[in-house]
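Have the model open beside you as you read.

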Number of protein chains: 6
Amino acid sequence: MTTAPVTRKTTTSAPVPTQSRYQNSVAEYWNAEENPVNLELGKIDGLYHHHYGIGEADWSVLDETDPALRRERVTAELHRLEHAQAELLASHLGALTPADRVFDAGCGRGGGSIVANLRYGCHADGVTISAKQADFANETARRREVGDKVRYHHRNMLDTGFETGAYAASWNNESTMYVELELLFAEHARLLRRGGRYVTITGCYNNTYGQASREVSLINAHYICDIHPRSEYFRAMAANRLVPVHVEDLTEATIPYWELRKQADHLVTGIEDAFLTAYKNGSFQYLLIVADRV
Amino acid sequence: MTTAPVTRKTTTSAPVPTQSRYQNSVAEYWNAEENPVNLELGKIDGLYHHHYGIGEADWSVLDETDPALRRERVTAELHRLEHAQAELLASHLGALTPADRVFDAGCGRGGGSIVANLRYGCHADGVTISAKQADFANETARRREVGDKVRYHHRNMLDTGFETGAYAASWNNESTMYVELELLFAEHARLLRRGGRYVTITGCYNNTYGQASREVSLINAHYICDIHPRSEYFRAMAANRLVPVHVEDLTEATIPYWELRKQADHLVTGIEDAFLTAYKNGSFQYLLIVADRV
Amino acid sequence: MTTAPVTRKTTTSAPVPTQSRYQNSVAEYWNAEENPVNLELGKIDGLYHHHYGIGEADWSVLDETDPALRRERVTAELHRLEHAQAELLASHLGALTPADRVFDAGCGRGGGSIVANLRYGCHADGVTISAKQADFANETARRREVGDKVRYHHRNMLDTGFETGAYAASWNNESTMYVELELLFAEHARLLRRGGRYVTITGCYNNTYGQASREVSLINAHYICDIHPRSEYFRAMAANRLVPVHVEDLTEATIPYWELRKQADHLVTGIEDAFLTAYKNGSFQYLLIVADRV
Amino acid sequence: MTTAPVTRKTTTSAPVPTQSRYQNSVAEYWNAEENPVNLELGKIDGLYHHHYGIGEADWSVLDETDPALRRERVTAELHRLEHAQAELLASHLGALTPADRVFDAGCGRGGGSIVANLRYGCHADGVTISAKQADFANETARRREVGDKVRYHHRNMLDTGFETGAYAASWNNESTMYVELELLFAEHARLLRRGGRYVTITGCYNNTYGQASREVSLINAHYICDIHPRSEYFRAMAANRLVPVHVEDLTEATIPYWELRKQADHLVTGIEDAFLTAYKNGSFQYLLIVADRV
Amino acid sequence: MTTAPVTRKTTTSAPVPTQSRYQNSVAEYWNAEENPVNLELGKIDGLYHHHYGIGEADWSVLDETDPALRRERVTAELHRLEHAQAELLASHLGALTPADRVFDAGCGRGGGSIVANLRYGCHADGVTISAKQADFANETARRREVGDKVRYHHRNMLDTGFETGAYAASWNNESTMYVELELLFAEHARLLRRGGRYVTITGCYNNTYGQASREVSLINAHYICDIHPRSEYFRAMAANRLVPVHVEDLTEATIPYWELRKQADHLVTGIEDAFLTAYKNGSFQYLLIVADRV
Amino acid sequence: MTTAPVTRKTTTSAPVPTQSRYQNSVAEYWNAEENPVNLELGKIDGLYHHHYGIGEADWSVLDETDPALRRERVTAELHRLEHAQAELLASHLGALTPADRVFDAGCGRGGGSIVANLRYGCHADGVTISAKQADFANETARRREVGDKVRYHHRNMLDTGFETGAYAASWNNESTMYVELELLFAEHARLLRRGGRYVTITGCYNNTYGQASREVSLINAHYICDIHPRSEYFRAMAANRLVPVHVEDLTEATIPYWELRKQADHLVTGIEDAFLTAYKNGSFQYLLIVADRV
């Protein structure tokens, strides 16, 4: 059993030779980012996510009249929905064992890798272009005493330097919109062993609607990202030996999260209306894709 | 509103200029086919399907001690599961109106088109390479008094001669394994309007497992078909502007149908064990793919 | 000599069967659009453009102290730069004769087709998804008494219905960002005769920089467009028998236009800073591509 | 002169990390296989083949009245035809010298490599997924005292670990139907030097006929293989810098072998009729392809 | 049975709208060409070919001492070899009946179509870019009284306007080097019915050797042609549903023709040495490819 | 800062394992080549180029009546034009620093690398298939005392063995016609860092005209090269992440060079008329392409 993959770089604190100035701007954004919606939710149980929630909301939290308590209950409810999303993703990673290794591409502050480790006991390598996020996540893993199995690396997910075929599963949780899918899926296909599992949850623009709507462009401007059309996921997977086995439109399931968040004055970032409008006018979708490396 | 598409051939009784000797052998098979599992089930409500069922079975039908009644109850239960499959497919055709037109590729004895018409009131054009099936299906439609909206044609689904862009939805219910997917999806993409919906339920071999297992080959030999790998569906869709929006592995859901059918002495065809073994050893999958024409 | 191409639709006032809801939103935008920067500039000489200018500006217009006169002189100067761009494009259309026919894809209020007709005496067919623009442009052509040679059509540039091989030249002047390039270039390649010339001036995002920058996304949101990476132009041309013969980076040449426009209070639309920042940080380029249909 | 290629694994007895469960089932089949038609024929001269014969048969062997002698003579005649096939393949390997190295992909019990070594004196590396076959073949080479030049490896032919560009020639003798051709030809193209020669003799289904016939599927089921259409060979070669220079339809030439084998009660495996029917109805072909690595 | 295909142009005397200036230069060449090696050989039996011969030569013709008789015998012998080539090509056209229609792409003075008609009684449509060749060939057919079945058209072989799927067989006899193979094979694939046969005999440069040798370029300069690499044939066929079934290197077989022609002072054109050197140094090949339209 | 890339071969004097016999013939040509037009021009200032010139000529050099002086002045003027071409190429290499490394593919006698080093102070690696050229060029660099930064290697430009991503810029100055562009651009893309710059000046045949004209073939025969169509450059760049940013037709600019050279009796090689005719009849173009590695 391999417990640590052979990699060409051994320190995670070294700066990433980022491929582009665009990626530098993304790294700057995330190095500086301290949105309460990410930090406050993570504080609840130490699982810091950077994604959105799914499932029906408990709207009663809005009825709470005490302002502080209302904030607390809304925060908790949003975190519950967010955690449900992370669990949904993790539930599709296949039958992993503690000896298996997983790759978390665009790990942010690290919540997803912890969720996978808690569920399967597996090794996890998270990668983020933000040095600050990698440090934060490693510190979290250390405090949880899983630092021997869960590690975060300050690297480029398109060019990880990790060992070919060493991973049983890998995923992107809302991090595909920062990179070219052709390069991304080539790297996942290289890292995964034959029969390995790839999962992504992502916002994509709906090419049934047409090109990107104004709302999609506003979201892109907000996060400095570049949301792909749905078609591009399937085209790039087909070109990289990743074969879908489960695809689910989570658009309806994520709307409650956004409706609730919109009413959380202490957490809103201003992009909530763009998401809600885009989901409702059909130009944007929240999609789960589960694929096998063949 | 177009009620009848412009087509280059107007009689359905004329022989199809089939493209290949292989297709002739398939047509011969279906012209001769009179399996009780297809005919007996269809007699129940006049909906003749040529596919398999999904959902949990009512196993109590096997407890029936009267042989004739047992046969009747098993037949009815299998038909119920089969009908559930047809309804699942139809439920994914999108928001159709009575003015819309749908294309049923490989319609067999016609059940699927009737199901769609009952649900949406839409026009339907079914196509089969078997003249006998087309006649049978048209007769059924006539008796149901939907012959003005539901028509079956003795044609090649790869080259229908139907009008470009005239269809709001189309599907293959277990009929993709008789044709090249590249040609098939090109024809669907041509017939569907922008934003139209394509649905297929199909058995595919699982290229996570590898190449076709012995059981898959036995199924091919039984039906004179050529089951495709799962990957080929997504590759050929990507090449023909069909973008998946929902993919569901129905393997677990179809096993009860096969377990029950295996115990129905009056209906078995001898291929039941190959299906059950293939589903259980992971070499074969029963898959639903829903895609948009973009 | 063919003076009018055979087309499948003969009235230009009929609504376009637009392919997508996205295109509907674009049509709505342009049907409603009445930006002074487009209307005021066009009034000067009846050449209504919807694009940007190139070349060094006469900055002395800003020194004019009389407010009305200053506005007038700034407007005239911007129009001069804008017209220089249109002339640059037209100068690359090849050696056209009065018998030749050209296709103006995304013609807006029609200025480009007039410019081509004035220069070469050729026939021109302009296409716009906005009925209002088509009407406006046809009225302009009528008043200039070139209505017999220059016609504007309310159609989809991806699916014009015009005659195959009937055009000696065609172009997109800042209108490629509303459509898929693969479909667009397929239509140009179909319409152009062998040896015909295609020209585009366009903003593209610079994939040397990486993915789309925040500024590029803000421009997308402003115009409801979807700016393509530079690479996509060359990929899609290569796939459609359009071979570049001249490529020129006009970024430096267009900056004076934007600097001047930014100071024109009566004309600014609010997007000026995004353009200037994007051009200067290297994430965006203003590009001329001239290609031959082979 | 390199006499032994650098490889990443040095022992041939280690288990192959097979890529798929399918390949495991194939290895199991061949580890267990002890068909007289393979073993009895090989005993004659120690050249163990796993393929079929070509050329006109000496039908007089059937006239032998002594049962034991008849068996012996039929066995010898089948071996003669089988050997003629191996010699035909070897004759197309190009002008090899004793210093050259050849790669035998899917070597079975090793006959083909010996034939090549006898003809050219060259080095040979055979690869089989069956450990038992590799051991058997190495033992044979040792007894023939060519163990220094002819070696058999228990490896996956899709991923040999052999040295890039080290081979002057390579082949598959009836072993392509167990693997994806795209992966197979990529490996051959990697191993062959520029100008190297690739040869295959294979059964393929004839896509002039259409999809796989029932007989082809029965052959697949018999051997747990997955016979490719003829078109796929040429498509995958074109994608991997293998350019055909000689293609020969051996269907007629192999029929005598099958007619004779069908009458050899001591050797028949039960699949003979499927082969004969498939060859005669035009759905199946026995094909020789000779190609250059460019 | 269709005896005449529907075509979009009905007169063959109209000038071809040639696609390129290059094709004009080729047409000029052939309109002016009056090489004795083509005309003198054709006079023997009225079968005018524009290709080379195959097979062993009767060298005794060179021993003839009477100069006139020697010329006559050499001419006859070269024609015999040339005719053998035409017969070899025709022998691979499949099992044609008098009701079938064949397409002769680049028919020159028409010999090949006559050969096919004599052998199978089939209809033939020859196409040449040279009006003079078309006229000459039609006059020949008229004199042979096969003008009702064999017709020559002054058209572009890349864009014949003939009916889709109307042809049972088609070929290029040394005429592929004047056109892009991608466009050529697309047209053949369009014209041939499913299962139809395509044959070409052609000189190609051998990409095993590398790029075009000096001799290949001299041949190109002599004929104003553009000899393709061997690889391009197989790539373009694979992209156009043409699947090889027989490929034969005729290089050795054509050398006697060239050796003899080189010694025929009354027939040499000056290019003989380039051919012989190119064939012998391995940079050039004379190739037969037989493929099925699938 | 890396001053020397890691390469797999350390001596430049070792013979290149050339990939093909064609390349051997090219190496032989250049090992033997001693054309005055290359040697005499280089002697002027020690910058030996193997390409053509651009810009208006000083025709007064032809008026010189003293024969020796006339030769000297013509030689100097041609060198001036030739040097202007090298400077134009070098001016497009991007903003290089002395720490950067550039790759000169097909460096000939080395002039281009020196020009780049003089302009930017950068490191340069030139590669030529001719050992004699490499030695000559290294000797030149040594004499100029830049041997520590400018090195020439006797290697195959398709397979340099240089370090991946180590180069800030690279180019081919009239050396692309000796190789397959697909392989060439793959190697450039591998060697260039993200954002690196590629430049080529090349003669290409104009596929607007059609296939290669007779004159283009004569040029091929003269140099044993294989001039590509213009389209192939853009297709192969698109497939290898090289995105054009500047394309310029230098045909008009190079004609003076050829007109002058044609009148230089001491320098003509006999190919001058073919160039002039080909440039003037539109079948040939002299093209500059500048592209970014993305």
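A salt bridge here is a side-chain nitrogen of Lys or Arg within 4 Å of a carboxyl oxygen of Asp or Glu. Across the interface of chain B and chain A, the rule finds two salt bridges.

Before going further, a word on the basis: this is a predicted model, in which local features need pLDDT of at least 70 and side-chain atom pairs count only at pLDDT 80 or more, while totals for chains, interfaces and linings use all residues. Residues are numbered from 1 along each chain as its sequence is written, chains are lettered from A and ligands numbered from 1 in the order in which they are written, and side-chain values use heavy atoms, with hydrogens and water left out.

**Chain B against chain A**

Contact means heavy atoms within 4.5 Å, and by that rule 21 residues of chain B meet 21 residues of chain A. The area buried between the two is about 1600 Å², with carbon and sulfur atoms giving 59% of it; buried area is the accessible area (1.4 Å probe) that two parts lose on being put together, summed over both. B:Thr208, B:Val245 and B:Val247 supply 27% of the area that chain B buries against chain A, more than any other three residues.

There are also 14 residue pairs in polar contact between chain B and chain A (both at pLDDT 80 or more). A polar contact is a pair of N or O atoms within 3.5 Å; within protein, one must be able to donate a hydrogen and the other to accept it, and residues adjacent in sequence count only if both atoms are side-chain atoms.

S6(B) brings the largest share, seven residues. Helices (H or I, at least four residues) and strands (E, at least two) are DSSP runs, numbered from the N terminus.

How do the two copies relate? Chain B can be laid on chain A with an RMSD of 0.0 Å by a turn of 180° and a shift of 0.0 Å along the axis. The two copies are thus related as by a two-fold rotation axis. The superposition is by least squares on the C-alpha atoms of residues with pLDDT of at least 70 in both. Of the residues of chain B, B:Val247 comes closest to the rotation axis, at 2.2 Å (C-alpha). The same surface serves both copies, as 100% of the contact residues of chain B recur in chain A.

**Chain A against chain C**

This contact takes 27 residues from chain A and 26 residues from chain C. About 2000 Å² is buried between them, and carbon and sulfur atoms give 49% of that area. A:Tyr209, A:Gln211 and A:Arg214 supply 33% of the area that chain A buries against chain C, more than any other three residues.

How many salt bridges join chain A and chain C? The count is zero, while 16 residue pairs are in polar contact (both at pLDDT 80 or more). Helix H1 (21-32) and helix H7 (214-223) of chain A are the elements that give two or more residues to chain A's side, and H7(A) gives the most, with seven residues.

**Salt bridges within chains**

Over all chains the count comes to 114 salt bridges.

| Pair | Closest N and O atoms |
|---|---|
| A:Glu33 and A:Arg109 | 2.8 Å |
| B:Glu232 and B:Arg235 | 3.0 Å |
| F:Arg261 and F:Glu272 | 2.8 Å |

A:Glu33 lies in the loop between H1 and helix H2 (36-45) of chain A, and A:Arg109 in the loop between strand S1 (101-105) and helix H4 (111-120) of chain A, so the pair ties together parts that are 76 residues apart in sequence. Both A:Glu33 and A:Arg109 are buried, meaning under 20% relative accessible area, with exposed over 50% and partly exposed in between (1.4 Å probe, protein chains only).

B:Glu232 and B:Arg235 both lie in helix H8 (residues 230-238) of chain B, three residues apart, about one turn of the helix. B:Arg235 counts as partly exposed, at 33% relative accessibility. In chain F, both F:Arg261 and F:Glu272 are buried.
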